[in-house]
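Here is a short briefing to read alongside the coordinates. Have the viewer open and follow along topic by topic.

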Amino acid sequence: MSAEKVKTERLDEILVSQGYSTHRSTRRLLQSRMVTVNGRRITDGSFAFDRHSDCLCIDGKSVATPPHLYLMMNKSQGTVCTHAKGTHESVFASLPEEFQKPEHLPPLHSVGRLDFDTEGLLLLTTDGKLSHRITSPLTHSTKTYFVCLKNECDETERKEYTERFAEGFDIERFRNERSFHSAPAELEWTDEANLYCSIYAKDMHLPALCLLTLTEGKFHQVKRMFWALGNEVVYLKRIAIGKLFLDPALTPGEWRALSLSEETLL
């Protein structure tokens with residue numbers, strides 16, 4: 001991998017995340033104590049630190065800085081994105097103990113959530129900064145969904161749907177969730193030859209299939225948007241977050257670690 005693609009973090013953020021400092025006192029720590037990276041003293045908090053290869057020491061003592069965990073899961077229907085014990089199975093239940101409670105790292109968590117009956121790409125990580133960046137409404141991070149609709153749409157209706165999504169439209173209040181005006185979204189019509197049309201979906205009568213890319217994440221948003229246009233979502237699968245696409249080899253419930261090249265896509 002080229003040096004330009006290595007995922008690095010600021011040294012001051014490393015010191016905070018590993019519990020050796022706070023954001024306010026990091027500069028003082030770097031000036032008053034011997035902080036070295038690969039044997040070289042560093043006083044600049046913006047120094048780019050690579051968890052995969054760099055060795056951090058404070059006053060001659062090694063500091064554990066294991067790489068963050070980045071896992072891709074194909075979430076199955078009927079599971080929930082929480083650690084809390086309840087009546088439904090957690091997406092974390094299938095992970096080894098060392099991933100559920102990683103040593104020298106923050107707790108593993110899901111980057112956003114998927115509904116109980118929705119499957120597809122779920123990111124699990126210990127990297128809180130990355131999680132915040134992806135889920136923050138200010139960054140407009142894209143999420144793409146494979147959608148199966150109950151009602152057929154002719155060419156005129158499909159064109160109307162595409163135009164309405166591109167413009168944005170009003171979504172009514174749902175339960176305790178407020179009404180909102182949707183941000184512009186990209187709708188692309190597809191068919192059962194699509195790579196992400198799973199066996200489950202192919203066994204159903206599916207008159208209308210599409211890919212929807214959003215830049216926001218309201219409660220039940222995809223379902224509410226199609227409902228507002230007079231249709232109903234019968235199958236929903238998230239297939240991408242930004243440039244990272246779900247590995248089609250992962251069956252529902254399976255997971256794997258991201259490759260280094262995939263990490264750079266986030």
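The notes below cover a helix, a loop residue and a cavity.

This is a predicted model, in which local features need pLDDT of at least 70, side-chain atom pairs count only at pLDDT 80 or more, and totals for chains, interfaces and linings use all residues. Residues are numbered from 1 along each chain as its sequence is written, and side-chain values use heavy atoms, with hydrogens and water left out.

**Helix H4**
- Helix H4 spans residues 128–135, and its buried residues are Leu130, Ser131 and Ile134 (buried means under 20% relative accessible area, exposed over 50%, with a 1.4 Å probe and protein chains only).
- Viewed down the axis of H4, these buried residues fall within an arc of 100°, so they line one face of the helix (the arc is that of the directions from the helix axis to the C-beta atoms).
- Lys129 and His132 are exposed on the other side of H4.
- The buried residues of H4 pack against several strands, among them E7 (70–75) and E17 (233–241).

**Asparagine 194**
- Asparagine 194 sits in the loop between strand E15 (186–190) and helix H6 (199–202), and is buried, with a relative accessible area of 16%.
- Leaving aside neighbours within four places in sequence, asparagine 194 is in contact with Phe146 and Leu211 (contact means heavy atoms within 4.5 Å).

**Largest cavity**
- About 80 Å³ of space lies in the largest cavity.
- The lining of the largest cavity includes Lys7, Phe49, Arg51 and Glu263.
- By class, the lining residues of the largest cavity divide into three nonpolar, three polar and five charged.

Definitions and conventions: Helices (H or I, at least four residues) and strands (E, at least two) are DSSP runs, numbered from the N terminus. On a 1 Å grid over the protein atoms alone, a cavity is a set of points where a 1.4 Å probe fits but cannot get out, and a pocket is an open set with protein on both sides within 12 Å along at least five of seven lines; lining residues have an atom within 4 Å of a point. Grid points are joined across faces, edges and corners, and a volume is the space filled by probe spheres set on the points. Ala, Val, Leu, Ile, Met, Phe, Trp, Tyr, Cys and Pro count as nonpolar, Asp, Glu, Lys and Arg as charged, and the others, Gly among them, as polar.
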